[in-house]
Amino acid sequence: MDGEVVASNDVAALAELVRRAGTVVALTGAGISVPSGIPDFRTPGTGIWANVDPMEVAHIDAWRAYPERFWRFYGQRFQTLGDKQPNGAHKALVELETRGLLSGVITQNIDMLHRRAGTRELIEMHGSIASCSCLSCGERVDSWVVLAALEDTTVPLCACGQPLKPDVVLFGEYLPEAELGLAMQMCAEADLLLCIGSSLDVYPVGRLPGITLRHGGDVAIITQGTTPYDRRAAVRLGGDVERELTALVAAL
Ligand code: ZN
């Protein structure tokens, strides 16, 4: 044995792993929101990033230097994401949590769909579109208030006069330490980490499955496309994420 696992590729094997595990944690990426009509920004030719350079519009330096251009893009993004609804994959994770089979969800997504679906234990590693903040005085404002303000102004301002920033981690910003620390702890304690809809190649989220493996836990991958953990995964499901997770719930 060289320690390499031959991944099983059926839902029954995953259901068995979930049943046996004391602590199950889910780690989700853009792929879980695709069935809700939010394209993965890295899929060529699709999504809001197809015709824009993220560094020009969604970088912390862009927010500082060109707030009008930044907010023209981000206001649209808030509006587009605000209309989206959770899909069967988000709901399947809520069902697992309700049944006591899932301890929590760590997500890279900012779209709030886990919250809207009803996930209780949730870490949003990259923040969310729920609110905006003032970096000068710390004031936090609901995004619907900001969206309303954007009808009359090009750059939404805090009461103190400084421009507001969405509470999402922009390009060029660090991930919030508290959330990262919590996520690492959850992954260390997980007997099973369900990696859903993420290519797991973005630092530091891509490190999390390695933490579970080092602590003796199993990793399952439910993602279309390859990941750096495919060879170390106990189960590897490559079908439609909504269908796979719905089938998992049905098998439990
Ligand atoms: Zn302020």
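The following legends describe close-up views of a predicted model. Local features were taken at pLDDT of at least 70 and side-chain atom pairs at pLDDT 80 or more, whereas totals for chains, interfaces and linings use all residues. Residues are numbered from 1 along each chain as its sequence is written, and side-chain values use heavy atoms, with hydrogens and water left out.

**View 1. The open sheet of six strands.** The strands are arranged in the order β3-β2-β1-β7-β8-β9 with parallel pairing, where two strands pair if DSSP finds at least two bridges between them, and where helices (H or I, at least four residues) and strands (E, at least two) are DSSP runs numbered from the N terminus. β3 (122–124) and β9 are the edge strands, each having a single partner, so one side of each is left without a neighbour in the sheet. Neighbouring strands are turned by 15° against each other on average, direction ignored; axes are lines fitted to C-alpha atoms, for helices over the stretch in contact, and angles run from 0 to 180 degrees between N-to-C directions.

**View 2. L192 and the surroundings of β7.** β1 and β7 run parallel and are joined by five bridges, and V24 has L192 in β7 as its bridge partner. Beyond its neighbours within four places in sequence, L192 is in contact (heavy atoms within 4.5 Å) with residues including L14, L17, V18, V25 and V219. α10 lies across β7, β8 and β9, and runs at about 130° to β8.

**View 3. The largest nonpolar core.** Such a core is a set of buried Ala, Val, Leu, Ile, Met, Phe, Trp, Tyr and Cys residues joined through side-chain atoms within 4.5 Å, with buried meaning under 20% relative accessible area (1.4 Å probe, protein chains only). Of its 27 residues, L14, L93, L192, L194, I196 and L245 touch the most other members. The elements that each supply at least two residues include α1 (11–20), α5 (88–98), β7 (192–196) and α10 (241–251), and α1 gives the most, with five residues.

**View 4. The zinc site.** The protein donors, C134 (SG), C137 (SG), C158 (SG) and C160 (SG), lie 2.3 Å from the zinc ion; donors are N, O and S atoms within 2.8 Å of the metal (3.2 Å for Na, K and Ca). The four donor atoms subtend angles of 102 to 120°, which makes the arrangement tetrahedral, a term that requires all angles between four donors to lie between 85 and 135 degrees. Along the chain the donors follow the spacing C-x2-C-x20-C-x1-C. C134 and C158 are both buried.

Terms used:
Buried means under 20% relative accessible area, exposed over 50%, partly exposed in between (1.4 Å probe, protein chains only). Four donors count as tetrahedral if all angles lie between 85 and 135 degrees; four count as square planar and six as octahedral if opposite donors are over 155 degrees apart and all others between 65 and 115; anything else is irregular.
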